[in-house]
Structures are given as structure tokens and as C-alpha cells.
Amino acid sequence: MWMLFERRQKIMFGWIFGLVLLLLQQTALSATRSSPEAAHNPMTASNAVPIDMHHTSWTAKDGAPPYIIAIAQTPDGWLWLASPSGIFRFDGVTFERFRPNGIQPMSNNVWGMRLLTSGALWFGYVGGGASVWKDGQVRNFGPEDGLPSASVFDFAEDGAGRVWIATGAGLRVFDGERWQQPAQDFHAPESICTLLQDHARNVWAQCESGVFKLAPQGQSFVRMPGPVGLGRLVQGPDMTVWSVGGAKGEIVALNDSATTPRHEWPHPRVSGGTMLFDRDAEHLWITRADGLIRTDADGRNEIFGVVHGLSGAIPNCLLQDKEGNVWIGTENGLDRFRRNALSGVALPQIYGDSPALAAGENGALWVGKTLLAKPTKEAFANMPRESGQDTVTALWHEAPDSLWIGARDGLFHQSGLVREKIALPKELLSPQIHGIVRDAEGALWISVARAGTYRLRDGGWELGGGFPELKQKVIWMHADRDGRMWFACRGNKLLMLYRGKLQQYGAEEGLQVGSTLQIIGSGNDIWVGGENGLFHFDGRKFTPILGIGDESMLGVSGMLEVNGALWLNGTAGITSIAMDELRRAQREPGYRVRFHRLDYKDGLRGAATQSEPLPSAAIGSDGVLWFSTTAGVFWLNPSKVQKNPLPPPVYVRRVTTEHAVIPFVAGTAVRLPPHPGRIQIDYTALGLTMPERMRFRYQLEGVDSDWQDAGVNRTATYTDLGPGEYRFRVRAANNDGVWNEEGAAMQFYLAPAFYQTLWFRILMALLIVAVLWVLYKLRLAQVARQVRARSEERLMERERIARELHDTLLQGTQAMILRFHAATVHVPRQDPAREKIDNALEGADYMLQEGRERVHDLRAHDHFGVGVTASIRRNGISLAEENGMQFEFVESAQQRDIMPFVGHELYRIANEALTNAFRHSQAAKVKVEVRHERKALILVVQDNGRGLPVEVIRSGRLAGHWGLPGMRERAGKLGATMQLDSVPGQGTTLRLSIPARTAYKPSPSRFGWIFGA
């Protein structure tokens, strides 16, 4: 009973620990406000400035978990977030709840998280238990593994590789299998603690009872001087370990006796949260119950709280990732601070779109009529406000000690500290000067709104400089090194003055810039920027410069050529293009240049002016580039721009089909079901600085012929993929264009439906062949029926003719012969006429007999049919006896009924072949074979005679004889094939093959006509 009570008490104490930390923050805040330092509290000071870094926050509306109490970044690049609502991973764009395959974490109510030097990520839970994530596997530990039933707050790894865990019931140590209570020799603190492993692999413990330290190979904790009470431990760049919190919320250096902090960090000395030393060793971040403080070694503070956009009022944890970004977890979400490529400041109220800028000496900057010797933010903030009458509309830095100022109250020349006002023509009462320049002859030119240009020569002003075309409004003027003067006019028109001659350029020369806002360069290398983009002039024509994606570089009003790059200030932001890219675009028409752009993501606000003052860009004597926009002044030093050198790790996350979502685990192949429909592959890359600028390209091998540019999209979609194995590859580039060329790959297998399998295709192929075969047989049957029908029609006609001949001609001839025989009785035998009459009657008898034979031939099919083979046999025997030769007749045992008309033609062909064999071959033996096969009726006539002459075999006929052609004609009528083979001296063989459908009478079988039965 007592043990149960003690267990419940420990669990309750663990729940209370979180409230204790929060109360510590609140207590520290109250102490700060009531302390003498409260007057210097940067969070409450009226002159405190916000942290000058790019800030982004994510809250519940973006998917961020509430009350983030710990942040870690694992070696693979993922950002891990621990909260009482679970464990989450973040790739810079999407939050996803941690749901590993296989073993799940013990609980969603996470209270502690720490990444150890071994690469293992440990989680501790409210109420007890811990988990470790390493090498893609989760392992859970509970009471059965030696952990007490108390909340787990922190982890550390000592120099001996032992893992220590801080729980509500004191410290425990892991022996590789189980958690053990430290031996008494360790003198481990038994109260609640937070832990830290320093760079020397010492383990520090900040506990309710004080501060303790365990050496790397030590066997005992040593009590160290320091505050009593719970707090956080942080190590600085000088290796000093700091305690943050304690009973009084103090920030205390925990130094060994031989060590002193390099700086008097931090300022202020009171905090209720934690702190982080920036990797640049120049800044310290401190969390308090009322926001953030960022301080440097000189004690200058910057602040950031809810009023500045922080996601919550209680910053719980801090982390700096591998790319240098600083992350803060609050009670409402997640915040990120990253360095801006641009520094900037909003100016006091001015009466133009933007301020006029010009470089001074030693890094100084002219802003309007004000010279900033050290152009810092504080200097900008202390600039005098413009009155409106002295608004500067043009600055021209002629020489280090010569500056021309065009303002609404006149034209001024500044030389050193002396400013001289230059008299203007009387008609220019309130001039609005657009440009100031000096030509090759030393004359000064100004361009004035609504008045045109003026040239100052020999102490007098001349409108248009003596050229009527220059009396119109000129937006910008430029004098190049070759002595040419360029004038930009409205309406897409440029004027060039050289050696007293004025030449005009416009659309005919390829210029489509609209309103020109700036011109730089010289000779045949002139750059023109304006309303419609950037153009290059090579001395003959203007060529537009377009970027990748057909970017037009619109509204360019400031151009600088610096260190092999052209910098543009336009409406889309500040763009830099390498000169090598620009030269290639000049050589290759249609080439799209690669460019780098700075915009609001880099700290830029507003847009480049499209009117005066021009230009909107200047380069300082110290190499700093200055840009003016409608929102202020921004600057950077190209030589000091920090680029992100880390190629982003790339991961394929999941495959989504119309029916399922399948997570991808590296090293495995994904199996998709048949007919997945639309396949969506989700991938990501872990670049946390500016994930919105990360670019991707992917390729599905075997489908995509080349890499597909996905831009910033993190999904690839495919439809109508056939079954089989596929390999998807993806690459990514970070915000500065550094590509991870290896990228990530995913194998997946698309299972076939049953009708997409090989066996089904074979079956379908066989079925198609069978159908085609049936169609073929049907066609043959149709042709056979047509042939039979035509043959039967001819036979019926032959029968009709035979009947007519028999009933008319033969009967009449017979009657006439009988009459003549009757008449001859009355003619004496000795009468010479009797002999003639008898001879005539014999001839008539012969003719009558021949007529009967011909009529018999016409009706011969009546007798062939089944008996055609017997007729052939009888004819062969008769010819053999007549010619004294041997004859052999062979017929297959199984016989079929032959169509009458086929029998007639078969008999004629066989009779012709037998006649030729017996009368012309000089053979000793003739053989006839009739085979009733399933697919055809075969007739073979063979002799062993002298063979056919070579010319007969070659031509297929004997001159003057028509036997062989007639046989072929009869075979053709039957659709049969006839083959004649003859070898001189060895005999001749004739082979006739008649298709079964034509030769035989229809089978009684239902399907016999299809299969040739």
C-alpha cells in the first residue's frame, strides 16, 4: 500500500516539474522587474531595437504542435520537435507526426528530448518511460527495463559511452541492456536534474541540490560551486558552462578554479528560461518569460517578443541548426531566425518615392543632402527629416571630392565641406532635376522635368544644348568613356550625341524597353534598364536579356557592374547576373541567363522607384552596394555574403495512389497494387534556411527521357503507368543553388492485373490466332461454297445441253439413219449408189456414236462422284493392257464422298496424266495413288519413264500441245495446287492437292467445315 502511494506521488511530482520551470520563468521576470536592473531591461526599454534577422513563425494553423519543449536536429538533417502532444519532424515546409514503422513510441506526452554524440535521439515521457531512435529503429524502455515510474526530463552521454537519464526519482545509468540505479560510489544526485555533456565529454547536472560534474572516465559526481535549484545548462564558445535559472533565476558561470569566462556574458544576468551561444561566437540568445534577447559581447541588446511577431509569449527552448538558423519553441508554435542577405532601414518621412543615394569617401554615404560618415542603422535613425522644399531628386558623384546635388530648391555643388549653389535659368523657379552629367567637352548637362535638358557652357545655360530634339523631357542621361552622350526619352526612344551629331534609336533597332530608367557602359557594350526589362546594345542593335523561366527583369532603375557581375535593382527585387552568363546571352540568341535574386525573403522591403530620384543603386568606396526602394535603404557587401555551402539531404517520403498512402523506407522497394490510377510521389529536402527557394528535379527511369525541372514543387505525378519495375530519382539544390547530385532514389514495383500478366497475354494471343484461324476457315468455306455453286450451275447447264442434244440432234440423226437404211432396201447391191449410201450411213453411225460419247462426257459427273476413283482405275488398266505396260492403283482405306464436279475435273486431269504416261513416257510402270486426307484430296500419278524434256519443264508446256495447260486450268478452277516433277531418265511425278472443303461433300459433323473434317 505504501509502495503504491509512493509511486503515485512520484508521477504527480513529474507532472508538476513542467509547472515548476514555467514558474521559474515567471519568478525571474518578476525579479527582473523589481531589481535595480529593471531600468536597463532591454525588453522594457523604449529605445530597444528588434532583432535584425529574418523571422518566420509557424503555429497550429500551419500544422505546428503546441507547447514545444525541446528541439533537436539529427545528422540526417531532420528537425525534431517534442511536445506534450507528440513527437514531430519538420523539413522546413511540412510538419509530420513521428510514426515509425514497427515499434511505436510509448506515449505522445513527451517531456524530454536530447540528441547524444552517438547519434541516438532519446525521448522521455511524462509518467515514466523512454525511447531511443537510431538507425531507423525505435526501442522503448519501461519499468521492466529498470526505469522508475517517474517522468523523464533529460539525457546525457559521458566519456565512457554510458547514457545517463534524469527522472523524477533521480539519475539512472544504462548498461546497454537495462537501466541501473548508480552505485553509491558515484555519489549521484538523487533529486530532479537537468543534464549537459560539454565538449570535453564531462557530464554536468543542475539539480535541486546544486551543480554536479562527472569527468569523462570518472566514477563519481563532484559537487561544483553554483546555484541551488532547477535550471538549464549551456556551454559557451570559450568552453565555459553556464547555469540558467536556479532558485533566483540567475545566469551563473560554472567555472573551474583555473578558468574564467572570456567575456562578461550575458546581459542581462537574469533569465527564467535558457540561452544559446550563436555559432559566430559574437552573439548570445536568452529566453525569458516575456520574449527573446539577443546580445553581443559589448552588451548591445536586441529584443523580440509577441509584439514583434514571436509565435508565443513563453520561449521554451533554443537550437541553432547546421545551416546557422536559430529556432525557438514556444507555447504556441515554432519560430526561426536567419541572417538576411540584406541589411536595411526605413528612413524618416521623405517627399519622393525613395531617397537619392551617392557614394562618399571612406565608406561614407550621401542620402539626399545628408552625409553619413558611418552609415549605420543608428545614423540613419538620426537623419534630419526633409521639409519638402529641399527634397533631393538627383545626386551625381563626379569625383571623390565633387558631388552635384539636384533639389527642388536648386542645383548645388559640394566640394569637401563647401556647398555652392549654382544659378539656374530664370524660367526654372522650382526645378525637378532628373539627371546631372558632364560631357566629353567638359560642359555640364542637367535634365529638368517638364523643361527638357540644359547645357552649361561658358557660364551660360542653353536649352537642349543647341539640339531641338533635346528640348523634350529626358528621364536619364549618361556619358560613356568614349565621349558619347546618351539621353533616355519617353516612348521607347534613346538619343545618342557624338561629335556634334544626334542619332535616334528605337523599336527598329530592337529596343523595347518602354521608359528607360538607367544606362551604363560605353562604346559597343551599353546596358539599358527600364520599364520592360534589361537590354544590351552592341553598336548595331539592342538585344533583350531574359532569365530562366522567361524572367524579364522588369522596372530596372539601378545598375551596378561589380566583380564580374551585373547588379540590378528592379520591381521584382535585387538581381545579380554573372557577366559570363550575359556574354553567353549575347552570343546565343534565345539563351536564358541564370540569375540570383534577393527579395522580401532576404530582408528587402518595397520596390525600386520608377521615377526620380535615379539611379536607385550606388556602390560605396568600401565595396558596399546600396539600394533605395520605396520602403527605405538596403545594403550588402558582395565579398562578405555568406552562402549556404551544404547540399541538402534528399528524401522520398511516400507514394500516394487513388486507394492508399504508402510510406517509403530507404533501402526497400515499394509494391503498388494493380491499377493504382494517379500515382503521386512526395519527396523533400532538408534545407532549413530558405526551403521556399529550394529547387528540385526528378526522373522516372524508363518514362522520363531526361531530368524534369520541378521548381519548388515537392511532388511528382504520373498516370497510366504499366506494370513493371521502376526507379524514381530526385535531386535538390539549396537556397544558394548548391545541388545534391546524388539525391535520393526509390524502387517501386507496379503489380500487373490478371489481364496484364504474361500468361494472359499468351492466352489472348492464342485466342486471337484461333479467331483469325476460324475467320480464315470461314472465308475458305465461303469460297468453297461459291466455287461449288458456280460449278453446280455449270453442271446443270451441261445437263440441259446434254438433254437437248440427246432429245433433238441425236434422236433426229438416229431417225434419219433409220430412214436411210429403209431406203437402201430398194437400192440393189450392185448399184454403185448403194455403196456410196452404205459408206455414208457408216459415217453417220460413227458420227452418232461420237455424239453419244460427247453427250456422255457432258453428263459424266453423274457417273463419277463416288465412283471417280474406280473410273480412273479402269481407265488406267485399259491403257496398260493397250500399251503392254504395268499399272498399279493405290487408294487410302478411309474414303470420302467426292463432290461430283470435283470428280469430273479430277477424272479429266488423271485421264490426261495417264494418257501422257502410257503413250509418251516409254515407262515400264505407271502408278496412281489417291489419298483421302483430312485437309485435302491428293492425286499422285507417277511413271519411271524417260521424263519430260527440259524445255517443257521450264515452260510448263509442249509446243502445239495443250494437255499440261489444260490440267493447270482445271486445277485452278478447283482452287487446287498441281506440282509436276520430272528428272530426265528417272520418270515424272504429278501431284494434285484439292482442299478438303472443295473436294469432299460436307461432313455431318457440326464443326467439321471449320476444321477441314
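**Close-up views**

**View A. A volume of about 40 Å³ is found for the second largest cavity.** The model is predicted, with local features needing pLDDT of at least 70 and side-chain atom pairs pLDDT 80 or more, while totals for chains, interfaces and linings use all residues. Residues are numbered from 1 along each chain as its sequence is written, and side-chain values use heavy atoms, without hydrogens and water. A cavity is a set of points on a 1 Å grid over the protein atoms alone where a 1.4 Å probe fits but cannot get out; points are joined across faces, edges and corners, and the volume is the space filled by probe spheres set on them. There are 2 cavities of 30 Å³ or more. Lining residues (an atom within 4 Å of a point) of the second largest cavity are Met-553, Leu-554, Val-556, Leu-568, Gly-570, Ala-572, Gly-573, Thr-575 and Arg-597. Two or more of the lining residues come from each of β50 (565–570) and β51 (573–578), strands being DSSP runs of E with at least two residues, numbered from the N terminus.

**View B. Strands β41, β42, β43 and β44 make up an open sheet in that order, with antiparallel pairing.** Strands pair if DSSP finds at least two bridges between them. The edge positions belong to β41 (474–479) and β44 (501–505), each with a single partner strand, so one side of each has no neighbour in the sheet. On average, neighbouring strands are turned by 20° against each other, direction ignored; the axes are lines fitted to C-alpha atoms, and angles run from 0 to 180 degrees between N-to-C directions. Between β43 (residues 493–498) and β44 there are 5 bridges. Met-496 lies opposite Gln-503 of β44.

**View C. A 4-stranded open sheet has the order β57-β56-β59-β62 and antiparallel pairing.** Strand β56 (residues 650–656) is joined to β57 by 3 bridges in the antiparallel sense, and Val-655 has Ile-662 of β57 as its bridge partner.

**View D. Ser-83 belongs to strand β4 (residues 79–83).** Ser-83 has 0% relative accessibility and therefore counts as buried (under 20% relative accessible area, 1.4 Å probe, protein chains only). A polar contact (N or O atoms within 3.5 Å, one able to donate a hydrogen and the other to accept it) links the side chains of Ser-83 and Ser-85 at 2.8 Å. Beyond four places in sequence, the residues in contact with Ser-83 include Pro-65, Tyr-67, Ile-69, Phe-88 and Asn-108, where contact means heavy atoms within 4.5 Å.

Methods: Buried means under 20% relative accessible area, exposed over 50%, partly exposed in between (1.4 Å probe, protein chains only). On a 1 Å grid over the protein atoms alone, a cavity is a set of points where a 1.4 Å probe fits but cannot get out, and a pocket is an open set with protein on both sides within 12 Å along at least five of seven lines; lining residues have an atom within 4 Å of a point.
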